[in-house]
Amino acid sequence: MSTTVGVVVFPGTNCEMDAVTAVERLGGEGRLLWHADDDVAGVDAVIVPGGFAHGDYLRPGAIARFSPMMGAITRFAADGGPVVGICNGFQVLTEAGLLPGALQKNSGLKFLCQPTALRVDSIDSVLTCRAVFGAELSVPINHFEGNYTCDVETLARLRDEDRIVLRYVDNPNGSVDDIAGVCNEERNVVGLMPHPERACDELLGSIDGEVLISSLLGSSPVVAA
Amino acid sequence: MRYDVLVDVRLRGGIADPAGATIERALPALGYDGVVGVTVGKTVRFTIEATDEVEATSRSEDLCSSFLTNPVIEDATVTVTLVDDGFDA
């Protein structure tokens, strides 16, 4: 029985089919979840994909967090369900309070679209549980507001609790402590700015994202049971 | 009663303001020397119904902290002004 991954679609989302394609290449089943619906339809894991939910008006993710689906995802996460937010999805999860911190404009004031090297700094999360600690992965970024920030107390907690799961090897956007991805206390909600779903095919220049997406597939209860 | 509300949103101290820094760097080339402390924020304006100024301010500040700003990176000041529509004696 394959893992079913719900991929959330807001008005303005544009990476949903990239996520579905990556999930299905790795043996899972992708199912689109419309933002206005208020349940996750029995999926085993959830991806909040990239794009410009609600046009990024006000702030990226500020309006998306009020969609009924976000309430359903919050309940799903509270029950231990694996949730990953990619790029705009990461911004949505921080605005929704499922992850700490916020994403501000890149320090260089440029939209960045390029491959980046990531280092796996924790394998204790739903996104990195099949990765090798310390491994470097080539995964592309594609964002203007990817500069992760948080207050010093939050940063200290993230470090002490080993919740910085991915760091940039060569920080492209000014993120504090080179943070590319973080997880919640329970380690079942992860957000990251790079796009692992776009690094799952040799044609795209890298398959290093496969270990991250397959971690998510493997972390769902249906496979773990 | 109706009140005009002006919300002035600014990045918090310590949060990088690349837009403000870029504008400040450009000013000398335009002949504006000695201009420092440039910051870029945003304003939100709306009109709200409330029984009095206290309620108008309270509801506006609540709306501001729950939606209009992200307290991790932004601060805001709320200014409330009674709308003079000519009907109040």
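Visitor: Which residue in strand 4 of chain A is the bridge partner of Val46(A)?
Guide: This is a predicted model, in which local features need pLDDT of at least 70, side-chain atom pairs count only at pLDDT 80 or more, and totals for chains, interfaces and linings use all residues. Residues are numbered from 1 along each chain as its sequence is written, chains are lettered from A and ligands numbered from 1 in the order in which they are written, and side-chain values use heavy atoms, with hydrogens and water left out. Strand 3 (residues 45-48) of chain A pairs with strand 4 of chain A in the parallel sense over three bridges, where pairing requires that DSSP finds at least two bridges between two strands. In strand 4 of chain A, the bridge partner of Val46(A) is Val83(A).

Visitor: Are the residues of strand 4 (residues 83-86) of chain A buried or exposed?
Guide: In a regular strand, side chains alternate between the two faces of the sheet. Val83(A) and Gly85(A) point one way, and Val84(A) and Ile86(A) the other way. Buried means under 20% relative accessible area, exposed over 50%, and partly exposed in between (1.4 Å probe, protein chains only). On both sides, the residues of strand 4 of chain A are all buried.

Visitor: Which strands stand at the edges of the open sheet of chain B?
Guide: The sheet has three strands in the order 2-1-3, with antiparallel pairing.

Visitor: Which residue in strand 3 of chain B is the bridge partner of Val9(B)?
Guide: Strand 1 (residues 2-11) of chain B and strand 3 of chain B are paired antiparallel over nine bridges. In strand 3 of chain B, Val9(B) has as its bridge partner Ala76(B).

Visitor: How many residues apart are Arg25(A) and Asp201(A)?
Guide: Arg25(A) forms a salt bridge with Asp201(A), the closest N and O atoms being 3.2 Å apart; a salt bridge is a side-chain nitrogen of Lys or Arg within 4 Å of a carboxyl oxygen of Asp or Glu. Arg25(A) lies in helix 1 (residues 16-25) of chain A and Asp201(A) in the loop between strand 11 and helix 5 (210-219) of chain A. The pair links distant parts of the chain, and its separation is 176 residues.

Visitor: Is Arg187(A) buried or exposed?
Guide: Arg187(A) forms a salt bridge with Asp124(A), with the closest N and O atoms 3.1 Å apart. Arg187(A) is in the loop between strand 10 (179-183) and strand 11 of chain A and Asp124(A) in the loop between strand 6 (112-120) and strand 7 (136-143) of chain A, so the pair ties together parts that are 63 residues apart in sequence. Asp124(A) is partly exposed at 44% relative accessible area. Arg187(A), at 12%, is buried.

Visitor: What is the relative accessible area of Tyr32(B)?
Guide: Tyr32(B) is in the loop between helix 1 (18-26) and strand 2 (42-49) of chain B. With Leu30(B) and Val35(B), Tyr32(B) forms a nonpolar surface patch of about 320 Å² of accessible area together. Patches are made of residues with over 30% relative accessible area and no salt bridge, like charges being joined within 9 Å and nonpolar side chains (Val, Leu, Ile, Met, Phe, Trp, Tyr) within 5 Å; areas come from the Shrake-Rupley method with a 1.4 Å probe, and for residues only the protein chains shown count as cover. Tyr32(B) is exposed, with a value of 52%.

Visitor: What is the phi of Asp56(A), about?
Guide: Asp56(A) is in the loop between strand 3 and helix 2 of chain A and is buried, at 18% relative accessible area. Although Asp56(A) is not a glycine, its phi is positive, at about 60 degrees.

How values were computed
Helices (H or I, at least four residues) and strands (E, at least two) are DSSP runs, numbered from the N terminus.
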